[in-house]
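Good morning, and thank you for coming.

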Amino acid sequence: MPARTLTSLQDCQDFITGLKLLGTGGGGSPASGMEMLTQALNEGLTLGWIDASDLPDNGYSCTTFGSGSISEDTPGNLEEIYALGKKRNIPVRYAYRAPEIAVRELEAYAGVKIGAIVPVELGASNTPAPLVTAARLGLPLVDGDYSGRAVPQDMQTTYFLKGIPTHPAAIVDWWGNILILKEAVNIEMGERIGKMLGMAAFGVVYFANLLLSAEQTRDTIVPGTLTQALELGQAVHRAIKAGQDPIAEIIRVLKGWLLFQGIVTGKEWQDREGVMIGTTLIEGKGPFSGKRMRVWFLNENHVCWLDDQPYVFSPDLIILANPQTGEGYTNTEIKAGDPVVVLGAKAHPIFRTELALQYFGPRYWGFDFDYVPIEEVIR
């Protein structure tokens, strides 16, 4: 039996709430994620996960995830997928079943039996997709992921840091195109190929890859993150129901900090090579009146400045949320006029190593300053 299950629409909404916050502005469309979960509940599927210690030792796990931009041009639900297909004169063959097809194609190509699925990251669409896929295939989902948050590239994952190759990979899109990536010269090139295929598919392609033994899976995941997301969303829900401050609950659960509070004054962005890149501009209110914050994102939030001075950086989490509802903003949906709090939390220790910071710190994103741990900034 799963260690935790989602049995109601409220469970699903709480899960999405937690995933949006841990998605740090990315992680896919919340509407898409909720639509997947709702459809699965209506079909009578069991949506849940198990502890990695319960994996059978003789089996393999894989991951499945979407690769592409989170821009406003990417469909966010089934209606938009079918509308885009009609506009492009492309029949929709798989839609949200694409990850399921990808897993089966990977099995067939690799000649192995997959016994479990692991999410690659936390996000409002990119975690529900493997959860529903596992349920449809009758497989357990592991309580953990390979990023501890949402990330834009394979290079910000534990498997990259451990030198685990991401090929072979099965790649499927909404429309029914199926490809096998037999080998990639390195993870960076495999990542680039995925983003380019997402552009070719008018939005997103779904990967199934990373065949790992049970022991490798346990050694590689950031454990317990699905339960963390659910409990975070439940804490927000309880606070709202009791008339309490949801932001205080988020800070408590994440052991994080309030970095800023204000109103969004603008968002500058562009869709470039399969990712959404831009900056959210915030004018301070309340105790931050007279101050300004800028938050730079590449799908997810990675660098913020306080009054034009570099402040907090990934791999630590930079979360933009609505102060009244406690709901996280994705960078697709946030807009001028939105009330916002900026929250920060520590990254998992593995992402603070020297190798990790080469691919996750501010210099990797093209900025001329070094990473400083968030707790040192706050102190």
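I begin with the lining of the largest cavity, which by class has five nonpolar, five polar and no charged residues. In this count, Ala, Val, Leu, Ile, Met, Phe, Trp, Tyr, Cys and Pro are nonpolar, Asp, Glu, Lys and Arg are charged, and the others, Gly among them, are polar.

This is a predicted model, in which local features need pLDDT of at least 70 and side-chain atom pairs count only at pLDDT 80 or more, while totals for chains, interfaces and linings use all residues. Residues are numbered from 1 along each chain as its sequence is written, and side-chain values use heavy atoms, with hydrogens and water left out.

Which residues line the largest cavity? They are Leu55, Pro56, Gly59, Tyr60, Ser61, Gly115, Ala116, Ser213, Ala214 and Thr217. A cavity here is a set of points, on a 1 Å grid over the protein atoms alone, where a 1.4 Å probe fits but cannot get out, and lining residues have an atom within 4 Å of a point.

At least two lining residues come from each of β3 (60-68), β4 (114-118) and α8 (214-220). These elements are DSSP runs, numbered from the N terminus: helices are H or I of at least four residues, strands E of at least two.

I close with Leu47, whose contacts (heavy atoms within 4.5 Å) include Leu6, Cys12, Leu37 and Val132, leaving aside residues up to four places away in sequence. Finally, the UniProt annotation "domain: S-Me-THD-like C-terminal", from an unreviewed entry, covers residues 189-374; UniProt positions follow the numbering used here, feature names are shortened, and annotations may be inferred rather than shown by experiment. The end C-alpha atoms of residues 189-374 lie 31 Å apart, and the span is 28% helix and 37% strand.

Notes
1 Å grid on protein atoms, 1.4 Å probe; cavity = no way out; pocket = protein on both sides within 12 Å on 5 of 7 lines; lining within 4 Å.
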